[in-house]
Amino acid sequence: MKFRLIDAVVLHSVTLVVSSFGYSQDSFAQLNSVNHPCNAISLGGAFQILPAACVGHLARTPNRSTRASCSIDKIIIHPEYVFLSNNIAVVRLQCPRISLSPSLRIRNVTEGNVLTLMAKDGHQNHVVTPVQVASCSACQDEYEVFDCDRQLCVRLIGIYRSQLRNLDGLSGAPLYATDGQLAGMLSYGFIGAHLVAERLTFHEPFIRHSIEALDGGLRILK
């Protein structure tokens, strides 16, 4: 498997939240460039996953004069990433005083399951809302390309169904199952339509292989 590596990209700011086992109200890791905030999912230690589309933007607009608390050391973008297809990348951060091993607790979900989306939006507001896994055909009807094995089709439920005016900054938001395990990562979507997330059980081999490649066979906790 071939990987694309990007070295030493410095972010404007990084808020690193280590949440190895389940989620909490403080689990809002976010990577920011000048005009393009993206959520990121902390796997513990120095590793995070985020949409590959966000990485491309960050790589084009580095700010090497910023006093960010962390910087990107290396990135592996999914080898089959094309625009929003296989929209996932694994990031190793360079931060002081990080010694935890990464933890990967992922579960599969099916139509009808209720998940929790946790993120910061483009205005730095916390967004915590339930979403429900919809049928694959719902997203196939709304989007030109949708892969039922690789992606999750979800819809907003609860108060955000009517209150959320746009999806700016929500890309990369984690979707947690009821037991706190990761199920998906928000990729894209439109107000009034279903949202598309990357199914993390599908991408688990890529994530594990990337962490091992970036850190020389580091043991990944389950």
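A chat about a predicted model of one protein chain follows.

User: What am I looking at, and how are residues numbered?

Analyst: This is a predicted model, with residues numbered from 1 along each chain as its sequence is written; local features need pLDDT of at least 70, side-chain atom pairs count only at pLDDT 80 or more, and totals for chains, interfaces and linings use all residues. Side-chain values use heavy atoms, with hydrogens and water left out.

User: How many helices and strands does the protein chain have?

Analyst: The protein chain has 4 helices and 14 strands. Helices (H or I, at least four residues) and strands (E, at least two) are DSSP runs, numbered from the N terminus.

User: How much of the chain is buried?

Analyst: Of its 222 residues, 53% count as buried. Buried means under 20% relative accessible area, exposed over 50%, and partly exposed in between, with a 1.4 Å probe and protein chains only.

User: And the accessible surface of the protein chain, what does that come to?

Analyst: About 10,400 Å², with 48% belonging to carbon and sulfur atoms. Areas come from the Shrake-Rupley method with a 1.4 Å probe; for residues, only the protein chains shown count as cover.

User: Which strands close into a barrel?

Analyst: 6 strands do, in the order β9-β10-β11-β14-β13-β12, with antiparallel pairing. Two strands pair if DSSP finds at least two bridges between them. On average, neighbouring strands of this sheet are turned by 40° against each other, direction ignored. Axes are lines fitted to C-alpha atoms, for helices over the stretch in contact, and angles run from 0 to 180 degrees between N-to-C directions.

User: What joins β12 to β13?

Analyst: Strand β12 (residues 174-176) runs antiparallel to β13, joined by 3 bridges. Tyr176 has Leu182 as its bridge partner in β13. Helix α4 (residues 200-215) packs on the sheet, where it touches β13 and β14, and its direction makes about 45° with that of β14.

User: Which residues have the most contacts inside the largest nonpolar core?

Analyst: Leu115, Leu117, Val131, Val154 and Leu175, in a core of 19 residues. Two or more residues each come from β9 (114-120), β10 (126-133), β11 (151-156), β13 (182-189) and β14 (195-199). A nonpolar core is a set of buried Ala, Val, Leu, Ile, Met, Phe, Trp, Tyr and Cys residues joined through side-chain atoms within 4.5 Å.

User: What is Val131 in contact with?

Analyst: Leaving aside neighbours within four places in sequence, the contacts of Val131 include Leu115, Leu117, Val154 and Leu175. Asn113 and Arg155 are also among them. Contact means heavy atoms within 4.5 Å. There is also a second, separate core of 18 residues, which includes Ile41, Phe47, Leu200 and Phe206.

User: Changing topic. Is β8 mostly covered or mostly open?

Analyst: Mostly covered: strand β8 (residues 89-94) has 5 of its 6 residues buried.

User: What does β8 pair with?

Analyst: Strand β6 (residues 47-50) runs antiparallel to β8 with 4 bridges, and Leu50 has Ala89 as its bridge partner. Strand β7 (residues 71-77) also pairs with β8 in the antiparallel sense, over 6 bridges. There, Ile76 stands opposite Val90.

User: What about Phe83 and Asn86, buried or exposed?

Analyst: Phe83 counts as exposed because its relative accessibility is 64%. Asn86 counts as buried because its value is 5%. Phi is near 50° in Phe83 and near 50° in Asn86.
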